[in-house]
Amino acid sequence: MSVRFVFGPFELDPDRHRLMRSGEPIATSNRHLDVLALLVARAGQIVAKDDLVQAGWKEVAVSDNSLE
């Protein structure tokens, strides 16, 4: 079963790497969608920088500037 998030006019389907606004697809990278999915899944919570980097870059070694 796929989890989807709906917020305002947006719908995010993290499993399919798809972001829609008012039914229209928004072109964005998988990395950005992974970071967005983490933020939406933890709405209202503080998300650690390390968690954001892990969500977007997985096993790739990057600096903190990559997140910025």
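**View 1. D34 and K58 meet in a salt bridge.** In this predicted model, the side chains of D34 and K58 form a salt bridge at 3.3 Å, N to O; the term stands for a side-chain nitrogen of Lys or Arg within 4 Å of a carboxyl oxygen of Asp or Glu. D34 lies in helix α1 and K58 in the segment after α2 (49-57), so the pair ties together parts that are 24 residues apart in sequence. Helices (H or I, at least four residues) and strands (E, at least two) are DSSP runs, numbered from the N terminus. Helix α1 covers residues 30-41. K58 is partly exposed, with a relative accessible area of 43%; here buried means under 20% relative accessible area, exposed over 50%, and partly exposed in between (1.4 Å probe, protein chains only). If you look just after α2, you will also find that K58 has a positive phi of about 50°.

As a guide to all the views, residues are numbered from 1 along each chain as its sequence is written, and side-chain values use heavy atoms, with hydrogens and water left out. Local features need pLDDT of at least 70 and side-chain atom pairs count only at pLDDT 80 or more, while totals for chains, interfaces and linings use all residues.

**View 2. The surroundings of D34.** Apart from neighbours within four places in sequence, D34 is in contact (heavy atoms within 4.5 Å) with H17, A55 and K58. H17 sits in the loop between β2 and β3 and is partly exposed at 33% relative accessibility. Although H17 is not a glycine, its phi is positive, at about 50°. Most residues other than glycine have a negative phi. A55 belongs to the buried residues of α2.

**View 3. Two further salt bridges, E11 with R4 and D51 with R42.** The whole structure holds 3 salt bridges. In the one between E11 and R4, the closest N and O atoms are 2.7 Å apart. E11 is partly exposed at 28% relative accessibility, whereas R4 is exposed at 53%. For D51 and R42, the closest N and O atoms are 2.9 Å apart. D51 is partly exposed at 30% relative accessibility, and R42 is partly exposed too, at 27%.

**View 4. An open sheet of 4 strands.** The strands follow the order β1-β2-β3-β4, with antiparallel pairing; two strands pair if DSSP finds at least two bridges between them. β1 (5-7) and β4 (24-25) stand at the edges with a single partner strand each, so one side of each has no neighbour in the sheet. Strand β3 (residues 18-21) is joined to β4 by 2 bridges, and M20 has P25 in β4 as its bridge partner. S22 is exposed, with a relative accessible area of 58%.

**View 5. Helix α1 across the sheet, and the buried face of α2.** Helix α1 lies across β1, β2 (10-13) and β3, running at about 110° to β2. Such angles run from 0 to 180 degrees between N-to-C directions, with axes fitted to C-alpha atoms, for helices over the stretch in contact. In α2, the buried residues are L52, V53, A55, G56 and W57. Seen down the axis of α2, they fall within an arc of 165°, so they line one face of the helix; the arc is that of the directions from the helix axis to the C-beta atoms. What covers these buried residues includes α1.
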